[in-house]
Amino acid sequence: MVYDMIVLGSGPAGLAAAIAARGRDKSVLVIGNRWQDSPLAKAERVDNYPGLPGRTGLELLEEFYRHAQSAGTEFVVGKALSLLAWEGFSITVGSQVYRGKALILAPGVVRAAKYPGEAEYLGRGVSYCATCDGMLYRGRPVAVVGLAPDAPQETNYLHSLGCQVVYVSPWQPQGLDGAIPYVKAGKLAVKGEQTVTGLEADGALLPCAGVFILRKAVAPTDLLPTLETEAGVIKVDRKMASSIPGVFAAGDCTGGPLQVSKAVGEGHVAALSACEYLDK
C-alpha cells in the first residue's frame with residue numbers, strides 16, 4: 001500500500017499532523033516510538049496547553065493518540081532506518097518498507113553527536129541498519145556500537161548471519177548472545193582508508209570491515225542528507241515546507257520554543273500544506 005502521507009514521529013507534532021490529514025481524508029501512517037516513550041510523557045503537569053490545564057504529559061499524549069487513532073490513522077512502532085526519495089518516499093523500518101507520497105518529519109530533537117570518522121565512512125563501512133546491510137558482511141569482522149535498547153537483538157541477528165561480531169557499548173548489554181564478545185568503551189572513532197578498517201574504542205583498535213552504529217533514532221539529516229538545516233534544526237518556511245519537495249517538518253525538530261502548543265500548531269500546518277501538495 002502507498003499512503004498519501006507518512007509521518008515520522010509519534011509526539012504532539014506528529015499526532016496533530018495525522019489528525020489534520022485524516023480530516024482531509026488522506027491515508028496516514030505514523031512511524032515512531034511508543035507515544036508513552038515521548039519526553040512529554042515524563043511531564044508531571046502541563047498548565048499552558050489551551051483548554052486542558054493541569055494535565056500530565058502522559059494524559060495529554062493519550063488524548064492526542066486516541067484522537068488520531070479514532071480518526072483512522074495507522075501506526076507502526078519502530079525506528080526509521082533508511083529513506084529513499086524516489087517516486088514518493090520509501091522508508092525502511094526493521095525488515096519492512098513503507099511507501100508514501102508526502103512526508104512529514106516530526107521526530108522531536110534527535111541528539112546524536114557523531115563519532116570521529118562516522119560521517120566520512122557512512123556507506124563505506126558505517127551503517128545504521130543491521131537488517132538492511134548485515135548480509136554484506138557475512139563471514140567478515142564487524143563492530144556494533146550499541147546505543148539503543150534493541151541493539152543486543154540486532155547484534156544477535158548479525159551473529160546468526162555469520163558475521164564475526166564484537167559488541168561495543170558504555171553499558172552492559174541485556175540479552176546479548178554469550179558467544180559475542182563485549183567491549184565496554186565510550187570514546188569511539190571510526191578508522192579507515194578507502195573503506196572502514198577498524199573501530200577505535202577507548203584507545204584500543206578493533207579491526208573490522210564494518211561498523212553498525214545503533215542509536216535510538218536516526219537523525220533526519222542522516223535519512224535525507226540533502227535536507228537543508230539552519231543552526232542545527234530543519235529549515236522550513238511558513239508552510240512548514242523543507243528544502244525537499246514533498247517533505248515537511250514540524251515540532252521540536254524545527255527549533256524552539258519547545259512547547260506542546262507550538263508543536264501541535266506546526267503539525268497541523270504541515271499536514272494542511274502536505275495535503276495541498278498532494279492535491280496539486
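Reader: Which helix and which strand each supply at least two residues of the lining of the second largest pocket?

Author: First, the basis: this is a predicted model, where local features need pLDDT of at least 70 and side-chain atom pairs count only at pLDDT 80 or more, while totals for chains, interfaces and linings use all residues. Residues are numbered from 1 along each chain as its sequence is written, and side-chain values use heavy atoms, without hydrogens and water. A pocket is an open set of points on a 1 Å grid over the protein atoms alone, where a 1.4 Å probe fits, with protein on both sides within 12 Å along at least five of seven lines; lining residues have an atom within 4 Å of a point. Helices (H or I, at least four residues) and strands (E, at least two) are DSSP runs, numbered from the N terminus. Here the two elements are α5 (220–223) and β16 (233–234). α5 gives the most, with three residues.

Reader: How many residues line the second largest pocket, and which lie nearest its centre?

Author: The lining has 15 residues, and Val110, Ala219, Pro220, Thr221 and Gly232 lie nearest the centre.

Reader: In what order do the three strands of the open sheet run?

Author: Strands of a sheet pair through backbone hydrogen bonds, either parallel or antiparallel. Two strands count as paired if DSSP finds at least two bridges between them. In this sheet the order is β11-β12-β13, with antiparallel pairing. The edge strands, β11 (188–192) and β13 (204–207), each pair on one side only.

Reader: How many bridges join β12 and β13?

Author: β12 (residues 196–201) pairs with β13 over four bridges. Ala201 has Ala204 of β13 as its bridge partner.
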